[in-house]
Amino acid sequence: MGNKLIELQHISKIYDGHKVLDDLNLYFNENKFLTLLGPSGCGKTTTLRILGGFEMPDEGHVIFSGEDITSLPPNKRQLNTVFQKYALFTHMNIAENIAFGLKISGKSKTYIEDKIKYALKLVNLDGYEKRMPDSLSGGQQQRIAIARAIVNEPKVLLLDEPLGALDLKLRQEMQYELIRMKNELGITFIYVTHDQEEALTMSDTIVVMNQGYIQQIGTPEDIYNEPTNAFVADFIGDSNIFPGIMLEDKVVEIFGVIFPCVDTGFGHNRPVDVVIRPEDVELGAPGAGTVDGVVSHLIFKGVHYEMEVTACGQEWLVQSTRMYPVGEHVSISVDPFNIQIMNKPESEDEEAVVLDV
Amino acid sequence: MYKKSLSCPFLIWAAAFIIIPLLFIMYYGLTDKSGSFTMANLMAVATAEHSKALFLSLGLSLLSTVICLILAYPLALILSGSRLGKSGFVIFLFILPMWMNFLLRTLAWVVLLDTNGVLDTILKFFGLKGMKIINTPAAIVFGMVYDFLPFMILPIYNVVSKIDVNVINAARDLGANSFQTLYKVIFPLSLPGVVSGITMVFVPSLTTFVISTLLGGGKILLIGNVIEQEFMKGTSWHIGSGLSLVLMLFIIVSMILSSKYDHGEGNVL
Amino acid sequence: MMKKLGRRFYLFLIILFLYAPIGTLMVLSFNDSRTSVKWGGFSLKWYQRLFENDTILAALGNTLLIAVLSAAIATLLGTSASIAIHHMKKRRQSICMSIVNIPMLNAEIVTGIAFMLLFISAGNLLSIFGIHFEMGFGTVLIGHITFNLPYVVLSVMPKLKQLNISMYEAALDLGAGEGQAFFRVVLPDIMPGVLSGFLLSFTMSLDDFVITHFVKGLGADTLSTLIYSELRKGIKPEMYALSTIMFLAVFLVLVFVNLNPREQSAAYRH
């Protein structure tokens, strides 16, 4: 189970009569890269702001190293935040920005100078001490925001969509940078994003949230390969989500066609959701697979082709390195291991159980 | 996040020196010497002398507002289109005259406009007839335009210079010629500035007593002069307050009109 | 090309219109002749006499003191009011903003007589308790602070709206208390607005005549009211000399400040 560093207990938060978080329970361990992932309005940023001390939960407690810090103001917390739009102090130069927290806590001059050097080195911006924030590019400002936070040696670094304002190429570079920094610093990063690719690339653990509830907690592989419900499957990556009937263990019926699968324990004739990733749909010559269909759309995506195949009156999203032209008759087959069976949710905002992180 | 108590000093100040003084005007305007309620002070505006002053004020201030608008609008367009418009130069240019006393600045026009004054001499030099405008209503309009023109230029400039160039480009791209672009795109967008400029010129023009005293030779009475005399010559504070209330009606109407358009962008400074 | 020339010419005409009286006054200040109509040759005698004229110097002292004090107090009051108003709920915010704007939007003459009625009534009320109170320097100061308030609020408010709220939160996050965060991060950021509010207030106060006219009572003449009282006798040319000096001084200061925007931003920093 590891060491619980921060724990959120039964957190609820209401804005203007709208419940943003509802009885949220979550805990974070030391030295992990943890991502809160979800669409906008899912409560991930509110969760982060409650951790940072910028919001008070209406109910529940925030426990930090066994201590209740729910009502502790942000300046008294051993966490630091990297804000969405950097929030650098525009009237101070880079060195003054980084020194801000250290000066407040009354550190010595030489200590501060060493720290500034170290932090700038860590974020690959040596020699930028005297520059002003507006003279830096977005990516550089982001690095300074990180440097400014980490010189205070927080136990946890909170990052609120820090790469959102950067362009794609820079974003990908920064993803590797962040992983490197986390490993070098050996502290916990709690990262908020709506970008599933970012989450999959960087995280040790992903918490998928929607409408104030946690939908699933797991490693990137777990989340991608075994989504627990249709929301997670749909949100993470592309997927075909079909209604199906679990006839018996290891046999599922989709649109009247029987597919073998590997899931058990759903009982007999139980309605379920079936998730099949587009890259797991295999196309072949007509009659060679489980069901036949016709290619209706084709797009070239660089590494692969993306096709839509009409079969059983449904569109199947297919990704393949081999091209099948529109109008071609094909067969569809799926490896039993690649068919993911999920219980139908009782409601849209069904809450997943709190798993061990 | 900040302490609520920050608003206290301001609220106390506003109550004592903004709200209560206005209540005093209402009290005096609606009572007679014995302190009983009367509408007589408001009705005093209907006397020949007072209504003449009021209509003259309305006429002259409307005229000067129109002239200010005509002069200021092209200027605001020119400034927003030129490099001069950047770097606070415009504000600098139009605020700077305020550092020379307003009474002296206005009085200087007496020297310039007087018979045998500077302007007259120049006109005569070119063989033209001299203008006799000093001590006439025309001189008062002249003074109003001079004193309040910056209050028309700045709000319009402020709004016009913030219009996204791409909006104008889009209009051109969609086939509008420069006049159509001005008339159908720039002007409607600049309306908040125009409206706020109009109130900022109209209200002080309507209520001035200084300009008419300085340039009207003391013979032309505007409503402002009437009110000033009721107070400073000690005739009647009640009638003075009553006339002020009538004046405030006009101000309130023009403020309501302007608040319909003004969403905060039109504020000058 | 013609179009550009036309624009330049128009701009030139308006500037000429605005600055012609100023030029006139400057010329008159060097006029040896006492009457304003005749040019009697170049002379510096009015400048010399200015410094011997105690009435004018006293009015100048009053004017500057009132301008500095009223601008400073209005800046303090207006800035704190702006912050308070900025954090109010929408409805209360718009009510407060309307109240703030009254002295700016209302006619000066109405504001002036409203003050006069207030101060005279206050004087009458206080005399019942045996306290002597009459209009003078203090009432002029109160009047000026009040009509300066909206200019400060109007200058500071946009800066507060632009302020990136996460900058304040970042300061808290880095360990600053609310006060530290305000003085080290928020105030420097809105400082340009605060300064321009101060400058604007100072200018408005310096240029005011109408309100001072009604609330100055018997004493406390400012330059404006002194000029007004001299109207009938004719303005003393010393006045022209003084206003020329003031205008040129301000002009040089403003030019200097505008030429050194870097220095300015450095000044905000500390």
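Mentor: A polar contact is a pair of N or O atoms within 3.5 Å; within protein, one atom must be able to donate a hydrogen and the other to accept it, and residues adjacent in sequence count only if both atoms are side-chain atoms. This is a predicted model, in which local features need pLDDT of at least 70 and side-chain atom pairs count only at pLDDT 80 or more, while totals for chains, interfaces and linings use all residues. Residues are numbered from 1 along each chain as its sequence is written, chains are lettered from A in the order in which they are written, and side-chain values use heavy atoms, with hydrogens and water left out.

Trainee: How many residue pairs are in polar contact between chain A and chain C?

Mentor: Between chain A and chain C there are 7 such residue pairs, both residues at pLDDT 80 or more. Helices (H or I, at least four residues) and strands (E, at least two) are DSSP runs, numbered from the N terminus. On the side of chain A that touches chain C, the elements giving two or more residues are β6 (79–82), α2 (94–104) and α4 (138–150) of chain A. The most comes from α2(A), with 5 residues.

Trainee: Which side chains meet in a salt bridge?

Mentor: A salt bridge is a side-chain nitrogen of Lys or Arg within 4 Å of a carboxyl oxygen of Asp or Glu. The rule finds 1 across the interface of chain A and chain C; E169(C) and R49(A) form a salt bridge through their side chains, at 2.6 Å from N to O.

Trainee: How is the size of an interface often given?

Mentor: It is often given as the accessible area lost when the parts come together. Buried area is that loss (1.4 Å probe), summed over both parts. Chain A and chain C bury about 1,900 Å² between them, with 60% on carbon and sulfur atoms. On the chain A side, N75(A), H91(A) and I104(A) lose the most area to chain C, together 32% of what that side buries.

Trainee: How many residues does each chain bring to the contact?

Mentor: Contact means heavy atoms within 4.5 Å. Chain A supplies 24 residues and chain C supplies 19 residues. Of the 2 pairs of chains in contact, chains B and C share the most contacts. Chain A and chain B are joined by no contact, and their closest C-alpha atoms lie 10 Å apart.

Trainee: What does the secondary structure of chain A come to?

Mentor: Chain A has 8 helices and 20 strands. Its C-alpha trace spans about 75 × 45 × 40 Å along its principal axes.

Definitions and conventions:
Buried area = accessible area lost by both parts, 1.4 Å probe.
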